[in-house]
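Dear colleague,

Please find below the structure for your records.

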Amino acid sequence: MPQDFQNPRFAQAYARMSVLTDQRGAYEHRRRLLAGAEGRVIEIGAGNGRNFPHYPEAVTEVVAVEPDDTLRALATTAARSAPVPVSVVPGHADALPGPEGDFDTAVVSLVLCSVPSQQRALAEITRVLVPGGRLCFYEHVRSANPLFALLEDAITPAWRRAAGGCHPNRDTLRAIKRAGFEVTESDRFTFSPQPLVPRTAHILGHARTTKH
């Protein structure tokens, strides 16, 4: 993958922190995220494979896309014990593998906060989904509280540098809707993934593409 997608120091830190993050509540978030996944699935930004244990029996195959070499190697190991077939491949959100309409479900988990362009990523997701295909999302989202939103704006420059490009102030739910998805379920909540890390707004839900 291009050097722009490689951040081994952050990747190693993320792999360590993800264990505690799951213990603090993200494990249940991931379970809820994937409860409705079905058919052939593309997971964008699979990280070190923390979602893999949660895929239900209705999923026939997962193609897990991860640009970072360090995280992709960890995800490849995690895929061996997944309850469904998982193939881990290099790639990124702006150019997803597969032809148009190749997947029934797409999964993004703390990914749309860090992609270079949410618009391009969501357009690619729409392209590879079948008409009416499902999008499962678990993402940072700009707070609905104006004061907290301003705080997110203030901390984003430092947060982005420390957290692999994450922008906690992006209005991700609005971006999903503007990309042509009909949101069928969404739950907004605050969550702190680590001790001493500020609680930020998150959203978890499901949507359907309206393309025909």
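**Cysteines**

Cys166 has a relative accessibility of 5% and therefore counts as buried, a term that means under 20% relative accessible area, with exposed meaning over 50% and partly exposed in between (1.4 Å probe, protein chains only). Please note that this is a predicted model, in which local features need pLDDT of at least 70, side-chain atom pairs count only at pLDDT 80 or more, and totals for chains, interfaces and linings use all residues. Residues are numbered from 1 along each chain as its sequence is written, and side-chain values use heavy atoms, with hydrogens and water left out.

Cys113, at 2% relative accessibility, is likewise buried. The sulfur of Cys166 has its closest cysteine sulfur in Cys113, 3.6 Å away, which is too far for a bond. A disulfide is a pair of cysteine sulfur atoms within 2.5 Å, and a search of the whole structure finds zero.

**Helices H1 and H2**

Helices here are DSSP runs (H or I, at least four residues), as are strands (E, at least two), numbered from the N terminus. Helix H1 spans residues 8-34 and helix H2 residues 69-79. Pro8, Ala11, Gln12, Tyr14 and Ala15 of H1 are in contact with Thr70, Leu71 and Leu74 of H2, contact being heavy atoms within 4.5 Å.

**Annotated span**

UniProt, in an unreviewed entry, lists residues 43-137 as "domain: Methyltransferase type"; such annotations may be inferred rather than shown by experiment. In the model, residues 43-137 are 23% helix and 31% strand, and their end C-alpha atoms lie 10 Å apart.

With kind regards

Conventions:
Axes are lines fitted to C-alpha atoms, for helices over the stretch in contact, and angles run from 0 to 180 degrees between N-to-C directions.
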